[in-house]
Amino acid sequence: MAMNEDEHHQSRSTAKTFPVKPKLKPTSSKSTPTAESKYWRSFKTPKDLQTQTLVSSATSIAFSQTSPHDFAVTHSATVALFSGQTLEPKSTISSGISDTATSVSFRADSHLLAVGDLSGSVNVFDVKSRKPLRRLRGHSRAVRLVRYPRLDKLHLFSGGDDAVVKYWDVTTETKLFDLLGHKDYVRCGDASPVSDDMFISGSYDHTVRVWDIRVSNSGSVMRINHEKPVEDVIYLPSGGLIATASGNSVKIWDVIGGGRLLHSMESHNKTVTSLCVGKIGRESGEEAQQYRVMSVSLDGYLKVLDYAKFKITYSMRFPNPLLSIGFSPDCSTRVIGTSNGTLYIGRRKSKGSSGMDDKIMGDFVGWGPVAAGEPQTRMLRPSYFRYFQRGQNEKPSESDYRIMRPKKVKLAEHDKLLKKFRHKEALLAALRIKNPEDVVAVMEELVARKKLLTCVSNLDNNKDELGLLMGFLQKYSTMPRYAGFLMGLAKKVVDMRAADIKASGELRGHVRNLKRDVEEEIRIQESLQEIQGIISPLLRIAARR
């Protein structure tokens with residue numbers, strides 16, 4: 001039996017409805033965040049810690065090797081000491097430093113601190129009392145590099161703008177060796193993690209030199225050409241590889257293999273200023289602890305390089321040019337120094353604060369697995385009374401059968417009106433929201449229902465309904481995403497409502513503005529075609545070469 005139109009509409013209104021959805025627009029192909037990226041993002045500034053701002057640029061950062069891993073930052077003629085527990089400023093050292101401090105290094109036992117400055121001297125301080133103990137004079141120009149060997153408590157080495165690397169006996173304040181070979185400023189260096197007799201230095205003469213004090217008379221035992229002024233150089237934990245920063249690139253070299261270049265990373269846009277080594281563990285998705293090279297640059301980016309796979313695993317943007325970076329030995333704190341003196345201090349939230357976290361996450365960096373003899377939580381079984389008293393936040397087990405409650409579909413105002421077949425009201429409701437994606441989606445739904453032109457013809461000019469539509473068309477018709485649909489609709493609206501447009505000054509203004517926007521878009525497209533005609537032959541010639 002045939003149904004009349006009202007019965008047909010009623011039957012359709014009782015059917016299940018869904019909101020109209022805008023067409024999907026192209027999006028960037030961002031992959032799902034990896035476990036390692038989540039690990040690096042977990043380094044955040046504690047809420048109760050105020051932003052630390054120094055007097056001037058943070059030129060060097062060093063962590064102590066002993067717990068709680070306090071760290072020192074050089075700025076102006078001062079060394080600021082921070083607590084490794086609270087991350088708050090602990091004390092400052094300024095007496096004895098006669099010029100801007102450039103480099104700082106803790107001794108292995110963290111009792112002494114060596115500081116180089118622009119006056120050409122190396123100052124040694126007692127960390128606890130902050131009193132100057134030794135002043136090593138010998139450089140004729142500014143000292144840019146000061147490092148203690150791995151475990152040696154009696155010696156240190158330094159390098160400066162006089163292109164000389166010096167090896168010192170701290171107890172007697174005497175210079176043991178002048179290590180010559182560099183032709184320009186010595187700006188960076190590092191001590192070997194496997195030998196107290198070896199270290200490296202980087203210079204603006206584009207080279208990195210490997211020194212061994214056991215054969216100091218023969219000069220450097222290896223020379224590596226980076227081809228650009230070297231800003232920083234570090235040993236990697238194995239002692240057989242080194243990482244260098246120069247220009248916008250970070251390079252990995254095989255020292256044992258004769259200084260062979262293994263990889264060059266050029267993802268920074270400006271000069272890379274500092275490098276350090278970071279360590280990650282199982283909570284980042286790795287089976288065992290692995291090391292990463294962390295680099296900062298004047299472009300404000302922090303990059304993390306997995307030098308085992310030669311790929312960037314994480315990148316983070318900061319608002320200021322970055323000059324220095326340090327990473328605590330226990331992998332809990334990351335400090336980045338900037339050109340304006342701001343310190344970005346990030347601490348990874350401790351997973352040991354909750355016993356449940358320990359059970360879920362297992363073996364962390366700095367956290368071992370649960371010992372065999374420790375008591376564990378008793379597992380709930382269906383035969384226990386507590387099993388039936390679980391709260392609503394209890395997670396179901398694999399054997400539980402879950403009954404999911406259907407989610408209620410939330411409808412916007414225009415979707416509710418479309419459900420009731422009130423087409424003109426639905427179009428006006430979408431226009432008042434002023435979201436072009438929703439408006440175009442409603443218009444396309446009305447086109448599918450063959451009701452759009454009927455709605456346009458029924459718009460009341462006295463109630464400014466037509467003006468609402470014309471204003472929308474004038475604003476969005478030239479946008480590339482909607483132009484294909486809205487330009488055709490605008491032409492039909494002008495043809496259908498020509499009399500109303502002529503009678504209204506406001507509507508005529510919308511049409512004039514639309515005409516002006518279209519002419520401007522045409523002019524831009526013609527200019528782009530002319531540019532394409534000029535560039536295309538050049539690209540073809542370049543491709544042939």
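Author: Two residues are in contact when heavy atoms of theirs lie within 4.5 Å. On that basis, among the contacts in the protein chain between residues at least 6 apart in sequence, 47% join residues at least 24 apart. The model is a predicted one. Its protein chain has eleven helices and 29 strands, and 44% of the 545 residues count as buried.

The buried residues of α6 are P436, D438, V439, V440, A441, V442, M443 and L446. Several helices take part in covering these buried residues: α4 (413–419), α5 (423–433), α7 (452–458), α8 (465–476) and α9 (480–496) are included in the cover. Just after α6, K450 adopts a positive phi of about 60°.

Of these neighbours, α8 may be examined next. The axes of α6 and α8 cross at roughly 115° and come within 12 Å. Because angles of 65 to 115 degrees count as roughly perpendicular, α6 is described as roughly perpendicular to α8. The crossing of the two helices, α6 and α8, is left-handed. On the α6 side, the contact is made by P436, V439, V440 and M443, which meet L469, F472 and Y476 of α8. By class, the residues of this contact of α6 with α8 are seven nonpolar, no polar and no charged. P436, V439, V440 and M443 are also among the buried residues of α6.

The description now passes from α8 to α9. These two helices, α8 and α9, pack at an angle of about 140°, and their axes are 10 Å apart. That angle makes α8 oblique to α9. The crossing of α8 and α9 is left-handed. From α8, the residues L466, L469, M470, F472, L473 and Y476 meet Y482, L486, L489, A490 and V493 of α9. The contact of α8 with α9 divides into eleven nonpolar residues, with no polar and no charged ones.

Read together, the two contacts share part of α8. L469, F472 and Y476 meet residues of α6, and L469, F472 and Y476 are also among the α8 residues that meet α9. Helix α9, in turn, is included in what covers the buried residues of α6.

Terms used
Residues are numbered from 1 along each chain as its sequence is written. This is a predicted model: local features need pLDDT of at least 70, side-chain atom pairs count only at pLDDT 80 or more; totals for chains, interfaces and linings use all residues. Side-chain values use heavy atoms; hydrogens and water are left out. Buried means under 20% relative accessible area, exposed over 50%, partly exposed in between (1.4 Å probe, protein chains only). Helices (H or I, at least four residues) and strands (E, at least two) are DSSP runs, numbered from the N terminus. Axes are lines fitted to C-alpha atoms, for helices over the stretch in contact, and angles run from 0 to 180 degrees between N-to-C directions. Angles under 35 degrees count as roughly parallel, over 145 as roughly antiparallel, 65 to 115 as roughly perpendicular and the rest as oblique. A crossing is left-handed if the near helix is turned anticlockwise from the far one by less than a right angle, and right-handed if clockwise. Ala, Val, Leu, Ile, Met, Phe, Trp, Tyr, Cys and Pro count as nonpolar, Asp, Glu, Lys and Arg as charged, and the others, Gly among them, as polar.
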